[in-house]
Amino acid sequence: MAATLSLSLSLDPQTHHHHRFFFPNHHTRHFAYSLPNFHIYPSQSFKISSSTPSHSHSSTTSPPPPPPISSLYLDDPFRTGRFLTNDELDRLRFLESFVYSEDLKSGSMWVRVMRPDETDTTVALLAESFAESMMLPPGYAGLLRFLIKKYLLERRTLMPHMATLLGFYRENAPNQGEQQEQQVKFAGTVEVCFDQRGANTSMPSPLPPRNSPYICNMAVHKSLRRRGLGWHLLKASEELISQMSSSREVYLHCRMIDEAPFSMYEKANYKVVKTDSILVLLMLQRRKHLMCKKLPLSNMPSETDLSGSDE
Ligand SMILES: CC(=O)SCCNC(=O)CCNC(=O)[C@H](O)C(C)(C)COP(=O)(O)OP(=O)(O)OC[C@H]1O[C@@H](n2cnc3c(N)ncnc32)[C@H](O)[C@@H]1OP(=O)(O)O
C-alpha cells in the first residue's frame with residue numbers, strides 16, 4: 001500500500017454522555033498515508049479551533065463558518081470535538097445506542113461503536129493485522145501504531161458520517177451447565193462510512209463513488225478467526241448502513257491475494273465491479289477488487305427519519 005505522509009510507508013510491496021474533549025493539538029490536521037489491506041487514507045483536513053469542551057454552549061473566538069441556529073456542539077457522546085447540527089447530534093446518539101448481537105455455535109458476539117477509551121486496543125489489533133498482511137518485521141510495530149492511532153483519532157472527528165465498530169465475543173462455557181461466565185473478549189473491528197462527508201479524501205483504486213457507503217479496515221483477532229465473527233462484523237456494518245444512509249449500494253476493496261475476505265464477501269453477495277490493472281504493480285501495490293452489494297430495502301429508520309428532530 002502506498003504511503004504518503006512524510007515517512008514513506010511504501011513498505012507495502014502490495015499495498016456516557018457529557019464527556020469533555022480537548023483535542024491535543026489545535027493545528028490543522030492533514031495526513032496522507034495508507035496501509036495495505038486496510039485503507040488508512042487521509043480524511044478531510046480541518047481546523048480544531050478551540051479546546052472548548054464539546055458540550056459547552058459558550059462561544060469560541062473563531063468558530064468555523066456560521067452554523068445553523070440549531071447547531072450544537074454540546075453533549076457530544078463520542079467527543080468528535082467539532083460543531084454538530086441537531087441532525088448530527090441525533091445521528092450520533094443513534095450510533096451510541098446501536099448494538100448488533102448474535103449467538104454463534106461457539107459463543108455469542110455483539111458489535112457496537114468504538115468508544116474513545118477503546119482507541120488503543122483497536123490500534124493494537126489493526127497494527128497486528130497490518131503487520132501480518134504486509135509481512136512487516138516487528139521493528140515497524142511502533143510506527144504502525146503511531147500512524148493508525150492518528151488515523152483513528154482523525155476519523156472519529158467525522159462521526160456521525162462514519163463509525164469504527166468493535167466486535168466482542170464471549171465463548172460458551174466448556175462444560176454445559178457450568179456456572180462460571182466466560183470472559184468477554186475484544187474480537188475484531190471494522191470501519192463503516194455512511195456518506196460523502198465521512199469519506200476519506202484519498203481513496204484507493206479502483207475508485208468507488210464518493211457518496212456511497214463504504215466498508216474498510218476489517219480485522220478479527222487471529223486466535224478468534226473462523227468462528228463467524230468476521231461475517232457478523234460485516235452483517236452489523238450492513239445493518240448500520242441501512243439505518244444511517246439512504247444509499248443502498250455498499251462498496252469495499254479487497255486485495256486479489258486475500259482469499260479469506262474475498263470468499264466472505266462473495267458469500268455475502270458482493271460482486272466485483274472493477275479490478276486494478278496490472279500497472280498498479282509498478283507502484284508497488286497489490287491489485288485490488290472493488291466490490292459492491294446492493295442492500296435490500298429495510299424497514300429501519302433512514303437518514304431522513306433520524307433527522308426528524310431538526311424540523
Ligand atoms: C474491506 C476490508 O476490510 S478487506 C480486509 C479484510 N481483513 C483482513 O484480511 C485482515 C486479516 N483477516 C481477518 O482478520 C479475518 O480473516 C477476516 C476478517 C477476513 C475474516 O474473519 P473470520 O472471523 O475468520 O471470518 P468468519 O469465520 O466469519 O468466516 C466468514 C467466511 O469468510 C470466509 N473465510 C474466512 N476465513 C477463511 C479462510 N481462512 N479461508 C477461506 N475462506 C475463509 C469463508 O467463506 C467463511 O465462511 P464459512 O466459515 O461458512 O466458510
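## Charges over Trp-231

The charged end of Lys-235 sits over the ring of Trp-231, 4.8 Å from its centre. Lys-267 also places its charged end over the ring of Trp-231, 5.4 Å from the centre. Here "over" means NZ of Lys or CZ of Arg within 6 Å of the ring centre and within 35 degrees of the ring normal.

This is a predicted model, where local features need pLDDT of at least 70, side-chain atom pairs count only at pLDDT 80 or more, and totals for chains, interfaces and linings use all residues. Residues are numbered from 1 along each chain as its sequence is written, and side-chain values use heavy atoms, with hydrogens and water left out.

## Aromatic pairs

Searching the whole structure turns up three aromatic pairs (ring centres within 6.5 Å, using the six-membered ring of Trp; planes under 30 degrees apart are stacked, over 60 edge-to-face, the rest tilted). Phe-168 and Phe-186 have ring centres 6.0 Å apart and planes at 50°, so they are a tilted pair. Phe-168 lies in strand β3 (residues 162–171) and Phe-186 in strand β4 (residues 184–193), so the pair ties together parts 18 residues apart in sequence. Strands here are DSSP runs (E, at least two residues), numbered from the N terminus.

Phe-168 is buried at 11% relative accessibility, and Phe-186 is buried at 17% (buried is under 20% relative accessible area, exposed over 50%, partly exposed in between, with a 1.4 Å probe and protein chains only).

Tyr-265 and Tyr-270 make an edge-to-face pair, 5.9 Å centre to centre with 65° between the planes. Tyr-265 is buried at 7%, and Tyr-270 is buried at 2%.

Note on methods:
Helices (H or I, at least four residues) and strands (E, at least two) are DSSP runs, numbered from the N terminus.
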